[in-house]
Amino acid sequence: MSQPLGKAIGNRLEILEAIEILKGNGREDISHFICELAQIMLGLADVEKTIEEIRQHLENGQALAKFEEMVAAQGGDLEDLYRPVKVAHVVEIPAQETGVISALPAMEFGLYAMRLGAGRAVKSDDLDYETGIVFEKKVGDSVQKGEIVAKVYTNGKISSELVTEFQKYVKINDGVQSLREIIEIIS
């Protein structure tokens, strides 16, 4: 993938992004993508809904209410669900040049976040549920040198080498980029 689907990588950060989407406040491209996926899933259950009907559930609070109901039914703590991220460090990652973001390779950033503690390489690795990345830019966005591309949330220190490594994964060129999230639906 040329970029992560959403803005966030990491357990707490992804939950907070999902809540924003369920409130109807998500980034338009990911919200539309989720509505398309929901339409496909509903179709598999022989329930026909338009994208607009599905979007209404995000905007009117029904989707969020159902999510909260599922969390509560599994013994989840709704207050904890909404708490902000608690980390020792938030490191802003600036763009190294001016241009258009052409790639934010999901695999590389997923592995990067894993090394910070947001994921496991092996089952016995510890997880830091707070650690992760939030992208301020996406593929196709214009960026100025020095403008913040992402923020890294971590409880460990981020060396200048790790910042440089992150920046090398951010591909910037001078052309316009277009994406299609769903390439083909296989029935």
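Ala, Val, Leu, Ile, Met, Phe, Trp, Tyr, Cys and Pro count here as nonpolar, Asp, Glu, Lys and Arg as charged, and the others, Gly among them, as polar. By that scheme, the lining of the largest pocket splits into 21 nonpolar, three polar and four charged residues. The model is a predicted one, in which local features need pLDDT of at least 70 and side-chain atom pairs count only at pLDDT 80 or more, while totals for chains, interfaces and linings use all residues. Numbering runs from 1 along each chain as its sequence is written, and side-chain values rest on heavy atoms, with hydrogens and water left out.

On to the pockets. A pocket is an open set of points on a 1 Å grid over the protein atoms alone, where a 1.4 Å probe fits, with protein on both sides within 12 Å along at least five of seven lines; lining residues have an atom within 4 Å of a point. Volume is the space filled by probe spheres set on the points, which are joined across faces, edges and corners. The largest pocket comes out at about 620 Å³. Its lining takes in 28 residues, and I21, L22, I34, A38 and L58 are the closest to the centre. Helix α2 supplies the largest share of that lining, six residues (helices are DSSP runs of H or I, at least four residues, and strands runs of E, at least two, numbered from the N terminus).

The second largest pocket holds about 200 Å³. It is lined by 14 residues, with K7, L16, E17, E20 and V134 closest to its centre. Here α1 makes the largest contribution, five residues, and the lining has seven nonpolar, two polar and five charged residues.

Next, the packing. A nonpolar core is a set of buried Ala, Val, Leu, Ile, Met, Phe, Trp, Tyr and Cys residues joined through side-chain atoms within 4.5 Å, and buried means under 20% relative accessible area with a 1.4 Å probe, protein chains only. The largest core has 24 residues, with I101, F109, I133, F135, V152, F166 and V170 making the most contacts inside it. Helix α6 gives the most to this core, five residues. Leaving aside neighbours within four places in sequence, F135 is in contact (heavy atoms within 4.5 Å) with P4, K7, I9, L104, F109, V149, A150 and F166. Another core lies apart from the largest one and has 13 residues, among them F33, I54, A63 and L64.

Finally, T154 sits in strand β6, residues 148-154. T154 counts as buried because its relative accessibility is 2%.

Definitions and conventions: Buried means under 20% relative accessible area, exposed over 50%, partly exposed in between (1.4 Å probe, protein chains only).
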